[in-house]
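This report goes through one protein model, from single residues and pairs to the overall fold. The sequence and coordinates come first.

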Amino acid sequence: LTEIAGMVELNVKVAESANHVAQDVFEISESTQNSMEHLSQAMNLILESNNRIEALVKVIEEIGEKTEVIDDIVFKTQLLSFNASVEAERAGEHGRGFAVVAQEVGNLAQMSGKAASEISSIVKTSIKEAESVAKDNKVRVEKGSTLADETKKKMAQSISQIKQILEGTQKIVS
């Protein structure tokens, strides 16, 4: 009887110890589950940010379209400058002042064309980079979200099992 009482007492102590360990693991698991929820929310914020990057790409594309309009204006201005130079030559001595103006208009058109070309190149490069970043981020976030969701499910399963252990150890201790 004494041995049985000693074994029962030892079992109670082991059960109490297991109960404390299970309680600690339960608290850690709940904390981890909360962390996973915050991670999931952070991933969603990154996706929203990615959507804003995609919106910026559209704005950059619009800038590119406006640059094409500037290119068209430059072309027409150069053509007008050339025609004005031809007419100034025909006018002879009376057209010399007009020839200088036509030449300066041509120079301005050429500078504008060069700037528009540079802007167009920058816009195209920016669009490609932004699209690449958005695509890479989307893939990474989707993978991270999948992992976070799987981890949340596993944590929920662990918490459920830990609750069962706690219930069992508490019955033994009581």
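## A salt bridge within the first helix

Lys-76 counts as partly exposed, since its relative accessibility is 46%. The model is a predicted one. Lys-76 is joined by a salt bridge to Asp-72, with 3.3 Å between the closest N and O atoms. Asp-72 is likewise partly exposed, at 37% relative accessibility. Both residues belong to helix H1, where they lie four residues apart, about one turn of the helix.

The structure holds five salt bridges, and the pair Lys-76 and Asp-72 is one of them.

## Charged pairs around the end of H1

A further salt bridge links Arg-90 to Glu-87, the closest N and O atoms being 3.1 Å apart. Here too both partners lie in helix H1, three residues apart, about one turn of the helix. Arg-90 is exposed, with 66% relative accessibility, whereas Glu-87 is partly exposed, with a relative accessible area of 42%.

Gly-92 follows H1 and has a positive phi, near 70°. Glu-93 pairs with Arg-96 in another salt bridge, whose closest N and O atoms are 3.5 Å apart. Glu-93 and Arg-96 are both exposed.

## Helices and overall form

How many helices and strands does the secondary structure of the protein come to? There are two helices and zero strands. The radius of gyration is 37 Å, well over the 16 Å that the globule rule gives for 174 residues, so the protein is more spread out than a compact globule. The C-alpha trace, taken along its principal axes, spans about 135 × 15 × 15 Å.

Helix H1 covers residues 2-91. With its 90 residues, H1 reaches 131 Å from first C-alpha to last, and this is close to the 134 Å expected at 1.5 Å a residue. Helix H2 covers residues 96-173.

Of the contacts between residues at least 6 apart in sequence, 90% join residues at least 24 apart. Gln-23 is in helix H1 and is partly exposed, its relative accessible area being 28%.

Asp-149 and Glu-3 are 146 residues apart along the chain, and 50 Å separates their C-alpha atoms. Asp-149 is in helix H2 and counts as partly exposed at 36% relative accessibility.

Is Ser-29 buried or exposed? Ser-29 counts as buried because its relative accessibility is 7%, under the 20% cut-off. This serine is placed in helix H1. Beyond its neighbours within four places in sequence, Ser-29 is in contact with Met-155, Ile-159 and Ile-162.

Thr-67 is another residue of helix H1. At 4% relative accessibility, Thr-67 also counts as buried. Which residues does Thr-67 contact, leaving aside its neighbours within four places in sequence? The partners are Ala-116, Ile-119 and Ser-120.

## Surface and burial

Buried residues make up 21% of the 174 residues. The protein exposes about 12,800 Å², and carbon and sulfur atoms supply 58% of that area.

One nonpolar patch on the surface is formed by Val-59, Ile-63 and Ile-119, which together have about 230 Å² of accessible area. Val-59 is found in helix H1 and is partly exposed, with a relative accessible area of 43%.

Definitions and conventions: Residues numbered from 1 in each chain as written. Predicted model: local features only at pLDDT ≥ 70, side-chain atom pairs only at ≥ 80, totals over all residues. Heavy atoms only, no water. Patch = residues over 30% accessible without salt bridge, like charges linked within 9 Å, V, L, I, M, F, W, Y side chains within 5 Å. Areas by Shrake-Rupley, 256 points an atom, 1.4 Å probe, with all protein chains shown as cover. Salt bridge = Lys/Arg side-chain N within 4 Å of Asp/Glu carboxyl O. Buried < 20%, exposed > 50% of the residue type's maximum accessible area, 1.4 Å probe, protein only. Contact = heavy atoms within 4.5 Å. Rg over C-alpha atoms; globule rule 2.2 N^0.38 Å. Expected span 1.5 Å × (residues − 1).
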